[in-house]
Amino acid sequence: MIVIKIFIFLMNIIYFFIKLIPCKDKIVMISRQSNNVNNDFRLLGEALKEYEVVYLCKTLDDGADSSFASKIKYGFHMFRQMYHLASSKVCILDSYCPAVSILKHKKELTIIQIWHSVGSMKSFGYNILSKEEGSDDRLARAMKMHNNYSFACGSSKDTIKTLALGFNLPLEKMKIFTLPRIDLLKDDTYETKIKADIYADYPQLKDKKNIVYAPTFRKDESSLNDKLNDLVRYIDFERYNFIVKLHPLSKVQIENNNVINDKKYSTFDMIFIADKFISDYSCVIYEAGIKGVSLYFYNYDMENYNDIRGFDLDYRTVPGYTEPDPQKLAEDLDKEYDFDKLNSFIKHYVENTDNCTDKLANEIRKYMK
């Protein structure tokens, strides 16, 4: 850890001189989730167009386990981050950013963590440092993970409690705001366009009911590969289309040619054509639930997943059908669905689903002044 301490010390010396750059009426949005500007950043940027908005979106796919070359490239990207952090009044994050956490910033800079998930499901951050799916404890603390936030956002009273533990933040630094992309679920123009695009690429989706399966990414995918193919064997392809949305880094091989293994559209966009949505431990269930799509949970490895990662909510409270057996889950798809339970669950974990972009943008404007 001596090397890390030296690295942080040197970066702060460099940043000391970069901070001589004067602040502008500028907002910098930083993400390690994708190399593209996501919907949340795009919507916020459009709402805050009276200010200069800079997007810095770049992934470091394997984190601490990334190749040396990837780390060097990201290191140079950090200098861009440092320049814009020094010259901005507000920084918006949707994930952990080393430059934000390890540097000593100007007092004028407000740092807002909006996170990248609606609601809460699986544990993260400081809650899983001692678990297989978590970061190394000594490394996370040496890199001051999730440090320097002015405040962070969550979608409900329960959600901000669990997020606060993951960020290692006091509860008074948490605020209830729902992510801007929820507005798109009620945007008829966006829905019409995305449906037209998807149907143009997959015209067969217009002819039958659509099941979208979006599993959580696992470091060890051996069981997922087998269990996904087991589920596929019980799908009635005479009545259903089956669309699989795997993580971009997934190596899972699907053995049935009837399955649509889409890699063009986001899971969020596929919600618009979904009649039924299957997941396991992914927070994307909240978006599907808000849209009124029935939820199903294929939790074949729940006990093991709880051991290696854990959950931020009582899994018994999730709405819909929960089943580790693929044949029984396929049979559940044809049963009557309790939408009242779904609506109650969504309202508990997502307190606001109206004008989410404007509400968060107005909060950000306070700190620009």
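This is a predicted model: local features need pLDDT of at least 70, side-chain atom pairs count only at pLDDT 80 or more; totals for chains, interfaces and linings use all residues.

Residues are numbered from 1 along each chain as its sequence is written, and side-chain values use heavy atoms, with hydrogens and water left out.

Spaces, then. Everything is on a 1 Å grid over the protein atoms alone: a cavity is a set of points where a 1.4 Å probe fits but cannot get out, a pocket is an open set with protein on both sides within 12 Å along at least five of seven lines, and lining residues have an atom within 4 Å of a point. Points are joined across faces, edges and corners, and a volume is the space filled by probe spheres set on those points.

How many cavities of 30 Å³ or more does the structure hold? There are 2. The largest cavity has about 60 Å³ of space. Its lining includes Ile 114, Cys 153, Thr 159, Phe 177 and Leu 179. Both β5 (151–154) and α6 (157–167) supply at least two lining residues each. On naming, helices (H or I, at least four residues) and strands (E, at least two) are DSSP runs numbered from the N terminus. By residue class, the lining of the largest cavity is 6 nonpolar, 6 polar and no charged. For those classes, Ala, Val, Leu, Ile, Met, Phe, Trp, Tyr, Cys and Pro count as nonpolar, Asp, Glu, Lys and Arg as charged, and the others, Gly among them, as polar.

The second largest cavity has about 30 Å³. Among the residues lining this cavity are Pro 215, Phe 217, Leu 224, Lys 245 and His 247.

Now a pocket. The second largest pocket holds about 160 Å³ of space. Its lining divides into 2 nonpolar, 2 polar and 6 charged residues, and includes Glu 132, Glu 133, Arg 218, Lys 219 and Asp 301. Which helix gives the most to this lining? Helix α11 (residues 302–308) does, with 3 residues.

Next, the helices. Helix α7 (residues 188–201) has 14 residues and reaches 20 Å from first C-alpha to last, close to the 20 Å expected; the expected span is 1.5 Å times one less than the number of residues. Its buried residues are Tyr 190, Glu 191, Ile 194 and Ile 198. These cover an arc of only 95° around the axis, which puts them on the same side of α7. The arc is that of the directions from the helix axis to the C-beta atoms. Buried means under 20% relative accessible area, exposed over 50%, and partly exposed in between (1.4 Å probe, protein chains only). The face turned away from that side carries the exposed residues Asp 188, Thr 189, Thr 192, Lys 193 and Ala 200. The cover over the buried residues of α7 includes α2 (39–47) and α9 (267–270).

In α13 (residues 339–349), the buried residues are Leu 342, Phe 345, Ile 346 and Tyr 349. They fall within an arc of 95° seen down the axis, so they line one face of α13. Asp 340 and Lys 347 are exposed on the other side. Cover for the buried residues of α13 includes α6, α10 (284–290) and β11.

Helix α14 (residues 356–368) has 13 residues and spans 19 Å, close to the 18 Å expected. Its buried residues include Leu 360, Glu 363, Arg 365 and Met 368. Among the elements covering them are β1 (26–31), α2 and β5.

Last, the aspartates. Is Asp 301 buried or exposed? Buried, with a relative accessible area of 10%. Leaving out residues up to four places away in sequence, Asp 301 touches Arg 218, Ser 223 and Tyr 281, where contact means heavy atoms within 4.5 Å. Its C-alpha lies 8.9 Å from that of Leu 224, 77 residues apart along the chain.

Asp 40 is in helix α2 and is buried at 4% relative accessible area. Beyond its neighbours within four places in sequence, Asp 40 contacts Ile 114, Leu 179, Pro 180 and Arg 181. Ile 114 and Leu 179 also line the largest cavity.

Asp 332, in helix α12 (residues 326–332), counts as buried at 6% relative accessibility. With neighbours within four places in sequence set aside, its contacts are Tyr 296, Tyr 321 and Glu 323.
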